[in-house]
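Q: Could we go through the salt bridges here? Please set out the terms before the pairs.

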Amino acid sequence: MTTTIQSPAAVGTSGSPAAGGPGPRRRKAITIAAARPWLLLAPALIVLAVLLLWPLVRVLIFSFQDYGLREIVSGDTNFIGVDNYVAALTDPQLWSVVLPNTVLFAIAAVLCTVALGTLVAILMTNLSRFWRTVVGSAIMVAWAMPAVTGTYVWVWIFDADNGIVNQLLMGAGLMDEPFNWFTNRWTFYLIVLINVVHHGFPFVAITVMAGLLGVSKEMLEAAQMDGAGPIRRFFQITFPSLKQVFTVVIILSTIWDFKVFGQVYLMPGGSGTNRSVLNLGVWSYVESFGQNQYGFGSAIAVLLTLVLLVITIIYIRVLMKEDEL
Amino acid sequence: MKKRYLPLAILATAALSLTACSSGATGGSGTDATGETLNVWIMQGTNTESDEFFERVGDEFTKETGAKLNVEMVQWADAHDRFVTAIAGGTTPDIAETGTTWTAEFAESGALAPLDDYVTEAGLDGKLVEGLVEAGTLDDTLYGMPWYAGVRSVIYRTDIFEAAGIAVPTTWAEFQAAIETLKTSNPDIIPFPVAGDAEQLTYPWVWGAGGEVATKKGDTWTSGLDSAKSQAGIKFYTDLALQHGSSTSGATTWKETDVLDNFAQGKVGMAVMGSWTPATILDKNPELEGKIGSFPIPGQTSGISPSMLGGSHLSMFESSKNKDLAWTFMSMMTTGDFATEWASQSGYFPGETTALDATVASADEITQAFATQMVDGGASLPVTPKFGAVQAKKTTNTMIQSILSGEKTVEQASADAAAEMTDILNKK
Amino acid sequence: MSRNITPARVRRNVIVGALVTLLLVFTLFPAYWMISSAFDANAASGSTGLFPSELTLDNFIYVLNDGGFAVFLRNSLIVAVAVVVCSAVLSLLASVAVARFRFKFRTSMLLMILIVQMVPMEALVIPLFVQVRDLQLLNTLLGLIIVYITISLPFGIWMLRGFVAAVPVELEEAAFLDGASWWRMFRSVMLPLVMPGLVATSVFSFITAWNEFIFAMTMLGGASDKYTVAIGLKQFFGENSNDWGSVMAASTLITLPVMIFFIIVQGKLSSGLVAGAVKG
């Protein structure tokens, strides 16, 4: 699959635009051809450079300073070396609470999102056209719910005093007293997990489903003839041919689930009061904005970026061949 | 060392009141600023009639100076972040209402303009409420003009107390007994919610037990949250929920606004609430008219457990282009008729002593309890720019919530909180 | 033959039916609960059942009149449309460059685009805030639009690259042979073929513009008349945290436009996503 797609690009890149130029003055055509990619890239590059690359460099610069409100207002610099990094990395909270929460949650969320998404995709390919549309639309509804809204809806559903979950559990006699789901680290993250998976699996489901529809029917049938069961067929034929789909889906999910912020911040106690539920995003926001320590916040941001980079590189190494970039 | 109690001796002053003269008499009146606009941020939720109030202030202001007044309402919950980003981004208004615990912090960043000269010129030296002046001062310079002050006391349901035959409690033991009675007489209401995300509802019990939030010796701050006395107070407060069933598990994540909402919905027997809340409660639920009363937070064995003398300053930003015009607005708001009116509408007490006296003298029954609390049981939190950082880190809220959720014992939680607070207060 | 298969087929249908039901409940319940609470007159004081006890429109009226959501919706719509259009154009142009031409620094360019995608948003709040301030664009929708375009660009380029690469070069060459200029070929040959990819990237930039929260909070802080729906909702929640009927009405109002948008693009979206992912 990859080879058929790669080949036209490879041919095309070698110089087809120049060949296509019908003009008689060849030399000029060549210069235009050489400049054309840069002309096409220019607008995007300018925006990225001004608003992404330069700010990225600035994060790095800030991270080596004691950068507070005063420095932001005045524009002065105040270098302190690697103190921010030392402070961040020696903070016991980072190791005991923040990192475990972030990493375990990301793993759980990626696993659940991808697993659920894949199962739903398989389910959908087995449905009639009508039911596939119904399920597809329902998935769209889940996806369309903005994160902020979704979070409030889940908070309302699990609200201790009037939430439907507590009402139903008490009504069924399974619970005597209303339970506050937000004070316990595990139940808190269970809700975050439901919220994130609910919002995140549609992307996986739809991507994987479309990929499944492209898997060669002949190979599957041949495997079935050979007596391979559905599970073996999935892992021997379907999964390998969807490898790239899964790579992209897993990488993106990991990045998104690592950076979860609003879904935690907006929950009761999530904005810093309940320390046992802090994750990297909220921790860095609270520590930098609440304490006016922008240098410290920048150091955390740099570290987080590095971690995500490493994860991505590992994924790519494992799942993609090098020449496929 | 700072005094914690602020006996408002000024209340006794009957002497030379400048009353009668209204706003125009002070400050730089007569400046013609036609065509200019003064941008002002005011906190939302203080006064249920604020829209109408500022309309009239705006008219008066335009009449006097020719300039337009543009008031933007800001929520307390977001306000700190909004101020910080506005200061960082250079998009501050001319004047803003700043919570008393924030003024020093913003002043330290260099964003606020000093006010001493204006105050002296207007003859207001010594006529502003001491506690508010103290909170608005950094390095002997005044940055926050006292506007209004408030305290928290207990608001309760008079109808329920009467039916259950409960007398107003005057000690902690009586307070706890009242809760036990409420539990049996009205099992469907929350006798006394212990909110886990509300630091101001915690401090009265710390102070009431004789503890301290933080004290300063020389240049070093020490948090007193883990002293035996403080722990006793915190234990009494959290045990109300954990041992005596006065609260709900939901309240573990409540903020002060949740306490208010639930009280207004008639689900709460009594709660510690601010002097500014009765109007809001009745606005949200008119059926409670005549059914609510208040009493000062009882002392451990006698007297009053202090609550924070909180309130607001008006602060002028250095970015303001026409500072005389800004001062005209400030003096209009903080002295004279508008100040008194704002106080009576909102349930706060004016920051200028003469107006304060008048308000206290004419206080209705509910306000009377708050006035007593303010005079005999008003306390102040550590006055340092760093206390804003403590609040932003939610140190005290974290302590209470972790005790209520059973994650930590009172001893552990208070020790952790004290260590964190001491650390933040002594930074830099 | 059918006699043998029927029980198995019935069992299969039952299982599939049960799974579909479960899935529908899980996906739709939050939306249902949001809408039902929004119409419930008693949601504020705690509704007790799965169905509204008394229907009302008061919550919506309150939200639109007193909550200011008409303004928030308008702001978000302006931002979203501008971001979708601009980022689609910019990323399409850029993706043509990286997919169709081989030039110096092409690989490093691609790597850079992949890397900046990893950068967590929180990391950029502080420097972007400073940057937008220096551009004098704080408290303006334009400032926010530019920021969102930047956030959407790397993903868009990455996604569209695959689509552009998949357009057969033969088609292009045929167009050139017919005497078409490069731009004409681009419009009439390439554009239609990459449309599904454009839809997919548009969905992502739309979601970003509609949902984003931290940048809006820091960059529009001082101007509530410029608030987008996400921070408008947060502010509204701060004021009415226990008035769940109104909070849910507000949530419904800001979710509906996204749902409509999604349903419009649904068909194109799935093919676009998979193509982007496979070729990515």
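A: Partly exposed is the class between buried, which is under 20% relative accessible area, and exposed, which is over 50% (1.4 Å probe, protein chains only). This is a predicted model, in which local features need pLDDT of at least 70, side-chain atom pairs count only at pLDDT 80 or more, and totals for chains, interfaces and linings use all residues. Side-chain values use heavy atoms, without hydrogens and water.

Q: How many salt bridges are there over all chains?
A: The count is 17, where a salt bridge is a side-chain nitrogen of Lys or Arg within 4 Å of a carboxyl oxygen of Asp or Glu.

Q: Which residue does Lys408(B) pair with?
A: Lys408(B) forms a salt bridge with Asp416(B), at 2.9 Å from N to O. Lys408(B) is partly exposed at 26% relative accessible area, and Asp416(B) is also partly exposed, at 40%.

Q: Which residues are joined into one network?
A: Arg58(A), Arg133(C) and Asp134(C) are joined by salt bridges that share partners.

Q: Turning to helix α9 of chain B, where do Asp239(B) and Lys235(B) lie relative to each other?
A: They are four residues apart in that helix (residues 228–242), about one helical turn; helices are DSSP runs of H or I, at least four residues, numbered from the N terminus.

Q: Is Asp239(B) buried or exposed?
A: Asp239(B) is buried, with a relative accessible area of 15%, whereas Lys235(B) is partly exposed at 38%.

Conventions:
Residues numbered from 1 in each chain as written. Chains lettered and ligands numbered in written order. Helix = DSSP H or I, 4+ residues; strand = E, 2+ residues; numbered from the N terminus.
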